[in-house]
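Q: I am new to this structure. Could you take me through how to read its features?

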Amino acid sequence: MRDSRIDAIKYYGIIGMVLLHSSYLLDDVSGDIPIQMAVTSIAGIGLPLYFFLSAYFFTIGYSIENMDRKIISRIKKIAIPYVLWQFIMIKGYHILGRLDRNRLGIRFIDETYFPSGIKETFKFIYKGWRDPPLWYLLVLIQFVFITPVLLMLVQKFRYISLLAIGMIVLINVGYYGDIPYASLPYWAPEYLSGIWVAIYMPDMVKSNKWKKLGGGGVCSS
């Protein structure tokens, strides 16, 4: 059984991400009005929301007894698509690079940006892609391995952990641009908040206010 209210939250995140990654199209039509900035600000909630939800659902139902099962299940869901799409996209961009070199009049991408051999390919996958969205999965994989420690600290220090989340937010704001976007520190506030809410306010995500937004009741999966 699947709660349609949770699906509603995810839908808003998806819409936000689509708007965020297409807002550059407004450059030529915005003129003096900062339309792109407004769209980016509104749509920017999508990715933080996904980090929050990932931590929230990983923490719900978590215990020492099922820790191994939860971690292995999460790694399968994240790591397998990550590795698969890395290979697909590397191969795809190699093809685009060759088309570009063949002077077909289409400008794609510099093929030298991508690894050429097997050893280089595995290094590339391990370190992650510098720009496209696959970095999101790599950061989630890293979070999964440290989640048991984060969960233990949040459980042991309820209000101190909440204060720590606030301090990390201030640090991120203060050093905006200096903290790598595709890194654990950058997304720590959202992820830690998901853990905190799952422990101390587990029903918040399933609150009735989401029911009004996404439709009522529970639907079958």
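Predicted model: local features only at pLDDT ≥ 70, side-chain atom pairs only at ≥ 80, totals over all residues.

Q: What is the average pLDDT of the protein?
A: The pLDDT is the predictor's confidence in each residue, from 0 to 100. Here the average is 75, and 68% of the residues score at least 70. Over residues 209-221 the value is below 50, although this stretch has 28 contacts in the model beyond near neighbours in sequence.

Q: Which elements have the lowest and the highest mean pLDDT?
A: Strand β2, residues 218-219, has the lowest mean, 30. Helix α9, residues 184-200, has the highest, 92.

Q: How many helices and strands are there?
A: The protein has ten helices and two strands. From the N terminus on, their order is β-α-α-α-α-α-α-α-α-α-α-β. As for contacts between residues with a separation of 6 or more, 71% of them join residues 24 or more positions apart.

Q: How many residues does the largest nonpolar core have, and which of them have the most contacts inside it?
A: The largest nonpolar core has 35 residues, and Phe51, Tyr136, Trp187 and Tyr191 have the most contacts inside it. Helices α4 (46-59), α5 (67-101), α7 (135-156) and α9 each supply at least two of the core residues. Helix α7 gives the most, with twelve. There is also a second, separate core of nine residues, including Ile6, Leu53, Ala198 and Val205.

Q: Which residues does Phe51 touch, not counting residues up to four places away in sequence?
A: Among them are Val139, Leu140 and Glu190. Phe51 also touches the aromatic residues Trp135, Tyr136, Phe143, Trp187 and Tyr191.

Q: How is a pair of aromatic rings described?
A: It is described by the distance of the centres and the angle of the planes. A search of the whole structure finds twelve aromatic pairs. One of them, Phe143 with Tyr191, is stacked, at 4.1 Å centre to centre with 5° between the planes. Phe143 lies in helix α7 and Tyr191 in helix α9, so this pair ties together parts that are 48 residues apart in sequence.

Q: Are Phe143 and Tyr191 buried or exposed?
A: A residue counts as buried under 20% relative accessible area. Phe143 has 2%, so Phe143 is buried. Tyr191 is at 0% and therefore counts as buried.

Q: Why is the pair of Trp196 and Tyr200 called tilted?
A: Planes under 30 degrees apart count as stacked and those over 60 as edge-to-face, with the rest tilted. The planes of Trp196 and Tyr200 are at 50°, so the pair is tilted; the ring centres are 4.9 Å apart. Because Trp196 and Tyr200 are four residues apart in helix α9, about one helical turn separates them. Trp196 is buried, with a relative accessible area of 9%.

Q: Where is Ser161, and which residues does Ser161 touch, not counting residues up to four places away in sequence?
A: Ser161 is in helix α8, residues 158-174. Ser161 touches Val154 and Trp196. The side chain of Ser161 also reaches the backbone oxygen of Arg158, at 2.7 Å. With a relative accessible area of 11%, Ser161 is buried.

How values were computed. Residues numbered from 1 in each chain as written. Heavy atoms only, no water. Contact = heavy atoms within 4.5 Å. Buried < 20%, exposed > 50% of the residue type's maximum accessible area, 1.4 Å probe, protein only. Polar contact = N/O pair within 3.5 Å; in protein donor to acceptor, adjacent residues only side chain to side chain. Core = buried A, V, L, I, M, F, W, Y, C linked by side-chain atoms within 4.5 Å. Phe/Tyr/Trp six-rings, centres within 6.5 Å; stacked < 30°, edge-to-face > 60°.
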